Amino acid sequence: MQSSKMRRKVAPAAADGDSSEKFDQLLLSSAICNNEDLGPFVRKAFTSGKPETLLHHLRHFARSKESEIEEVCKAHYQDFIMAVDDLRSLLSDVDSLKSSLSNSNIKLQSVAGPLLSSLDAFVEARNISQNVSLALESVRKCVKLADLCSRANLHLSNNNFYMALKCVDSIEGEFIDKTPSSTLRKMLEKQIPEIRSYIERKINKEFGDWLVEIRIVSRNLGQLAIGQASSARQREEELRIKQRQAEEQTRLSLRDCVYALEEEDDDDGLGDQGKDGYNNGSSGVLGFDLTSLYRAYHIHQTLGLEDRFRQYYFENRKLQLTSDFQVSSMTPFLESHQTFFAQIAGFFIVEDRVLRTSGGLILKMDVENLWETAVSKMCSVLEDQFSRMQTANHLLLIKDYVSLLGVTLRRYGYPVDPLLDVLSKHRDKYHELLLSDCRKQIGEVLAADKFEQMLMKKEYEYSMNVLSFQLQTSDITPAFPFVAPFSSTVPDCCRIVRSFIEDSVSFMSYGGQLEFYDVVKKYLDRLLNEVLDGALLKLINTSIHGVSQAMQVAANMVVLERACDFFFRHAAQLSGIPLRMAERGRRQFPLNNARDAAEEMLSGLLKAKVDGFMTLIENVNWMADEPPQSGNEFVNEVIIYLETLVSTAQQILPAKVLKRVLQDVLSHISEKIVGTLLGDSVKRFNVNAVMGIDVDIRLLESFADNQASLLSEADANQLKTALSEGRQLINLLLSNHPENFLNPVIRERSYNALDYRKVIAISEKLRDPSDRLFGTFGGRGLKQNPKKKSLDILIKRLRDVS
């Protein structure tokens, strides 16, 4: 290190040398001493083409170091001599040690030889044992592997694919990498994928068969479920009927009738789940089995193909649903609608069960999307089919089945409001068709009417034709045979109207609208006002040709009035509203026009008959010397006819109708009498003739009084008022003070039915026996009658007023 430092100090001084070669040598020496990289020197030498110079400098540097080495060796020579001496003494010790070791080795070999032989034998035996153990372990693994393969084959042969897959998974996870036989391992590596592929094919085939089978099962399932809903609805209707009967008996105060309403358990028949809540997907009475589906899903889960199978299932079921939407154009929809809707109902019952029990095979959102598609298609089909139908009964049949479909699927949580909206939308069309059908039926019934009282020989006929429509006027059952006051038209029309009400309520029921009585009532009003009333009017105007026919129709109208009360009560009961609400909203009799026309027709025919007898008034001696004591001939004939009429009419016509008819006829007779006195056929008459007419009117009034036993005293008095015009005229003509007619108070009290113009004209025809020419030439030689004088004053005053 000292020489290095010395060279570092002289190196810069050499830079002043004249020779560049000397300078390069110094630089090289300095670099070697400083342990610097000699690469630059080597490259420079070769670049300049003088490697010999570099070698020369290196040799020179080496020679310069030999002297230093020599100095160092001289400095350590003594130590070297001492080391050599030590080595020589060590060599003698090594020789002695060598001889000792040789002796020991000889002894060791003589002793260890037998031991080594034994050790070799032990090692060989141990290796054999290890090999045997390894072989046994390999055999054990092969036996287990063979057992698993045998079990896998057994499960495959028994179609127990899940256990077969578990065996295959166990082989693949625990044995295939540890199998000592490469041949066996290669065989397993080849067969395991094939086994899984085989299982997938088999399970897909089973699933495909299930898809085919479930379509048939779904149709039967839908029909059964809808049938159960129909049975439940029928039980509800039966309970309602019993309840209505009980209410009716209570209303009629029949305390001896006791009704017990028993509710039946509502068993949906859909089966109960097992204790584990799974039940293999089967469903009790409905009997559909989802085992094949769950098995396929489980196997695909085991194969790690869960998502693919879920998508495969959804797409296939969606295609099946799309196929179910097809409506055959070869079969009328009325015949195929049950199959169509039952297929869809069964589809979604199955999907509901799959959703709840499959553990994620299908999502709720997917089922909802399928249901929205199905509802949209069903609504479209209903719209199209309803638009084509022209028979009310066909619409009702389809509506009933669709409502049952809604009830069935609502129990599974499916929203059915759009379907019910379609039904409500076609409510008007249905009722229009129903009205058209009823119009035709009523027309046929009225055309077949013979206008004869209905004869009922048995009690069941009475119950069917009278009690069922509450037409009876007494709670006492009559003796049979019973002759009803109405003709067969009444119960026939009642049946048509009742059927209309029931069909209307049936269409409106279970359609999503809870309160529909107002709708039913509106169409019932139309049936009665437009259809039945119009048909009766047509019958009255075209087919009535006799008094007996008109009387029968008038009697029918009275019974129909009671029937109309029943119709509205029946509609209220079927609609589920209290009777008091229906009675509160009841309007006037809807067949008013027909009733008035019937009574008008009867009155007209009776007036025509009376007019035939009134022609005998022409035989009256208007200038009689004495008044007739027993009345004129015409009035006797009229009274005989009216008495005969009353005896016949009281058997079928109610008192109020008979009173109105008689009142109209008597008023007509009064008008005819006044008209005769006013007419041109009577040029003049005397007091004796007036007294004869007075007797006639008294006879008519006596006839009216005699009806008090049939009607009532008040009604009899009203009948007498029908003769008021004739009575007041005769009273005025026979009055001793006819001028009282001019007194407003007396006139209003005693002569309010008289027209003063008629009074003038008739009074002018009155001739007094003392005055041959009344009011013109009389009284020259005789004293004028004071009554006649008053009458003349009356005539004059009335002319002045006019």
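The charged end of Lys-399 sits over the ring of Phe-507, at 5.9 Å from the ring centre; the term requires NZ of Lys or CZ of Arg to be within 6 Å of the ring centre and within 35 degrees of the ring normal. This is a predicted model, in which local features need pLDDT of at least 70 and side-chain atom pairs count only at pLDDT 80 or more, while totals for chains, interfaces and linings use all residues. Residues are numbered from 1 along each chain as its sequence is written, and side-chain values use heavy atoms, with hydrogens and water left out.

A pair of aromatic rings is described by the distance of the centres and the angle of the planes. Rings of Phe, Tyr and Trp (its six-membered ring) are taken to pair if their centres lie within 6.5 Å, with planes under 30 degrees apart counted as stacked, over 60 as edge-to-face and the rest as tilted. A search of the whole structure finds 19 aromatic pairs. In one of them, Trp-210 and Tyr-313, the ring centres are 6.5 Å apart and the planes stand at 35°, so the pair is tilted. This pair links distant parts of the chain, since Trp-210 lies in helix α6 (residues 182-251) and Tyr-313 in helix α8 (residues 306-324), 103 residues apart. Helices (H or I, at least four residues) and strands (E, at least two) are DSSP runs, numbered from the N terminus.

Trp-210 counts as buried at 3% relative accessibility, and Tyr-313 counts as buried at 0%, where buried means under 20% relative accessible area, exposed over 50% and partly exposed in between (1.4 Å probe, protein chains only). The rings of Phe-333 and Phe-340 have their centres 6.1 Å apart and their planes at 65°, so this pair is edge-to-face; Phe-333 is buried at 5% relative accessibility, and Phe-340 is buried at 6%. Ring pairs also link Phe-207, Trp-210, Tyr-297, Phe-309, Tyr-312 and Tyr-313 into a cluster.

Turning to the protein as a whole, its secondary structure comes to 27 helices and four strands, and 40% of its 802 residues count as buried. Among contacts (heavy atoms within 4.5 Å) between residues at least 6 apart in sequence, 76% join residues at least 24 apart.

Helix α20 (residues 633-649) has 17 residues and reaches 24 Å from its first C-alpha to its last, close to the 24 Å expected at 1.5 Å a residue, the expected span being 1.5 Å times one less than the number of residues. The buried residues of α20 include Phe-634, Val-638, Tyr-641, Leu-645 and Ala-649. Seen down the axis of α20, its buried residues fall within an arc of 165°, so they line one face of the helix; the arc is that of the directions from the helix axis to the C-beta atoms. What covers these buried residues includes α17 (547-575), α19 (592-614), α21 (655-678) and α22 (687-706).

Leu-537 is placed in helix α16 (residues 517-543) and counts as partly exposed at 22% relative accessibility. Leaving aside its neighbours within four places in sequence, Leu-537 is in contact with Asn-593, Ala-594 and Ala-597. Leu-537 and Ala-594 are 57 residues apart in sequence, with their C-alpha atoms 5.1 Å apart in space.
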